[in-house]
Amino acid sequence: MSQNIPPPLPSLVPDTAPFSDEQRAWLNGFFAGLVSLDGFGVTPISGDQAAALINGGATNAEDDDGGAPWHDQSLPLTERMQLADGKPMRWRLMAAMAQQDCGQCGYDCKNYSGAIASGKEERLNLCVPGGKETARMLKTLAEEMKAAPPAVKPATAAAAEPAPPVAGAPGRSRDNPVTASLLSRRLLNKAGSEKETWHVEFDLSASGLDYTVGDAFGLFPNNDPALVDAVIKALEAPPDFPIGGRTLREVLLDSVSLSPAPDMLLQLFSYIAGGERRRKARALSVGEDPDGDAATLDVLAAIEKFAGIRPDPEAFIEALDPLQPRLYSISSSPKTAPGRVTLTVDAVRYDVGARRRHGVCSTCLAERLPLGTSAKVYVQKAHAFGLPADPSVPVIMVGPGTGVAPFRAFLEERRAIHAPGRNWLFFGHQRSNCDFFYEDEFQAMKADGLLTRLSLAWSRDGDEKFYVQDRMREVGRDLWAWLADGAHVYVCGDAKRMAKDVEAALVDIIVQHGVRSPEEAAMFVADLKRKGRYQQDVY
Ligand SMILES: Cc1cc2nc3c(=O)[nH]c(=O)nc-3n(C[C@H](O)[C@H](O)[C@H](O)COP(=O)(O)OP(=O)(O)OC[C@H]3O[C@@H](n4cnc5c(N)ncnc54)[C@H](O)[C@@H]3O)c2cc1C
Ligand SMILES: NC(=O)c1ccc[n+]([C@@H]2O[C@H](COP(=O)([O-])OP(=O)(O)OC[C@H]3O[C@@H](n4cnc5c(N)ncnc54)[C@H](OP(=O)(O)O)[C@@H]3O)[C@@H](O)[C@H]2O)c1
């Protein structure tokens with residue numbers, strides 16, 4: 001067996017330490033992330049050491065996140081808030097975030113909440129995956145902060161406070177975008193597909209932007225003019241109504257979100273409407289759902305629901321959320337495509353009643369942005385998602401659907417630098433005959449040996465769903481052997497279910513082929529994560 005695989009572990013927390021079985025199990029998993037599992041002869045720690053480690057080396061209770069058990073994107077908000085109950089405000093704020101560390105807010109979850117707690121960030125609506133639920137909870141917590149007597153600042157608080165977002169160099173953050181023009185777009189699905197996924201290419205040559213594989217590309221979309229016109233019509237307002245030196249229509253096109261109707265808008269409606277409609281608008285604005293349609297109310301649907309109340313256009317715009325940029329995993333290597341960047345974009349479209357809804361940014365890229373025109377863009381550096389520094393290290397990449405994007409970039413990069421390490425890609429999608437993105441490229445990579453292995457999973461080819469993690473389980477023995485050889489594992493794509501299921505499959509594989517208990521296998525994966533050998537880019 002390779003030295004990359006440690007023997008099954010002893011319990012790190014001794015039986016005499018003052019913890020319940022449940023606490024001991026949790027602590028064993030937690031310490032696995034702190035104690036190196038590489039070598040042999042790991043020494044169990046004392047109860048005192050455990051207590052010290054629980055504080056994570058923090059110098060005061062304010063800094064102690066207790067291992068941030070809420071930092072799990074698959075937990076519902078109520079559960080996350082319960083886990084942070086009684087903790088200092090910055091951790092409760094963090095628990096309100098969607099826990100994806102996706103970077104869309106310009107921070108990660110911990111630093112966004114730290115910035116709000118320290119008063120350096122006032123915007124409470126930046127967590128895109130958390131949506132209204134997160135924004136609402138942040139607002140409640142912010143009101144609690146305001147009502148609380150000013151806390152005595154602990155001596156170390158300054159060190160713990162995150163730096164405010166720095167606009168930085170042009171094109172390096174959402175606060176300082178540059179422009180890049182759209183070069184091309186090509187549909188990746190073939191006839192018969194239920195999906196609409198585009199390979200989109202931007203010209204970066206005039207922007208001065210560069211990037212590294214693993215980074216994401218940020219884009220500021222425009223709203224669909226047809227939707228904007230429908231909103232203006234429903235408002236019964238003139239399109240050229242002046243707002244801050246621009247027209248109502250211009251502001252609606254590029255500055256405000258027309259997706260979920262924000263609480264502020266519903267509150268505005270509650271001030272204007274009368275009787276039963278006032279009560280309903282008020283209820284909706286505080287998160288209640290009197291008619292069971294709250295989840296489907298975008299701005300247009302909300303205006304239509306309260307038709308005829310005709311708010312002042314300026315007050316209406318004030319009540320809307322700003323239009324936020326969206327991030328896309330970069331699917332090219334700058335070494336293969338200098339001065340260009342490519343993305344793999346699934347066009348979000350779904351029906352609510354008689355109206356088709358269109359994801360604002362994905363459909364902007366799919367159809368509305370004309371070729372040769374520019375968009376506001378930036379490169380979002382990956383936090384901890386990138387190829388191993390040593391090009392000889394084997395990599396296992398798991399990317400169903402658009403999750404394959406960064407792995408196309410990884411493979412291009414490994415080819416360009418003549419990396420000797422082995423490459424194994426797990427790709428999956430609905431149907432083999434129409435949803436095999438980049439099929440020719442991947443088959444060519446397989447044929448010329450760049451892709452050592454290509455494992456595919458088609459969820460709708462057969463009668464039963466078959467996913468990438470099912471394929472992983474089938475070849476679990478080989479996966480374990482790659483891990484034993486020091487392979488790094490990467491997962492990209494859906495955060496809500498896929499990422500969790502893939503991790504569970506890896507734990508199962510380690511139990512079966514690594515001959516470990518489920519607890520030890522979970523510790524093993526925790527240790528892979530700590531060492532940067534298990535990296536995720538999920539959304
Ligand atoms: C780091 C990162 C990398 C990413 N990489 C990629 C990538 O490579 N490719 C890619 O395609 N996306 C990627 N995304 C997702 C991308 O940023 C956008 O979230 C996605 O394109 C949708 O944005 P939109 O503006 O088109 O849709 P929006 O206007 O934001 O609409 C999406 C919202 O519509 C609602 N919705 C969607 N489908 C339904 C439905 N069936 N029924 C009811 N409601 C629904 C949901 O509330 C959803 O949040 C990435 C995200 C992150 C954070
Ligand atoms: N809101 C949701 O519930 C949801 C779910 C998936 C994706 N998304 C979002 O949709 C966007 C685009 O998605 P995409 O085009 O990349 O494709 P996708 O919808 O994620 O689908 C890619 C493949 O993954 C399969 N899949 C579904 N559930 C899975 C699971 N638990 N484990 C492993 N594979 C699973 C799908 O199968 P089947 O579709 O046949 O089941 C499909 O074959 C992303 O923004 C993603 O976050 C949202």
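Q: What counts as a helix or a strand here?
A: Helices (H or I, at least four residues) and strands (E, at least two) are DSSP runs, numbered from the N terminus. The model itself is predicted.

Q: Which element gives the most to the shell around ligand 1?
A: That is β6, with four residues.

Q: And how many residues surround ligand 1, and which are the closest?
A: There are 19 residues around the ligand. The closest are Leu-327, Tyr-328, Thr-344, Cys-361 and Ser-362.

Q: How do the shell residues divide into nonpolar, polar and charged?
A: Nine are nonpolar, seven are polar and three are charged.

Q: Which oxygen contacts does the ligand have from polar side-chain atoms, say from Tyr-328?
A: A polar side-chain atom of Tyr-328 lies 2.7 Å from an oxygen atom of ligand 1. For Tyr-350 the corresponding distance to a ligand oxygen atom is 3.3 Å, and for Ser-362 it is 2.5 Å.

Q: How much of ligand 1 does the protein bury?
A: Taken alone, ligand 1 exposes 980 Å², and the protein buries 68% of that. The elements giving two or more residues to the shell are β6 (326-329), β7 (340-346) and α14 (360-368).

Q: Changing topic: is strand β10 mostly covered or exposed?
A: Strand β10, residues 374-380, is mostly covered, with five of its seven residues buried.

Q: Which strands does β10 pair with?
A: Strand β1 (residues 178-187) pairs with β10 in the antiparallel sense over four bridges, and Ala-180 stands opposite Ala-375 of β10. Strand β3 (residues 216-220) also pairs with β10 in the antiparallel sense, over five bridges.

Q: What is the bridge partner of Gly-218 in β10?
A: The partner is Tyr-378.

Key:
Residues numbered from 1 in each chain as written. Chains lettered and ligands numbered in written order. Predicted model: local features only at pLDDT ≥ 70, side-chain atom pairs only at ≥ 80, totals over all residues. Heavy atoms only, no water. Buried < 20%, exposed > 50% of the residue type's maximum accessible area, 1.4 Å probe, protein only. Pairing = 2+ DSSP bridges. Near = heavy atom within 4 Å. Polar contact = N/O pair within 3.5 Å; in protein donor to acceptor, adjacent residues only side chain to side chain. Areas by Shrake-Rupley, 256 points an atom, 1.4 Å probe, with all protein chains shown as cover. Nonpolar A, V, L, I, M, F, W, Y, C, P; charged D, E, K, R; others polar.
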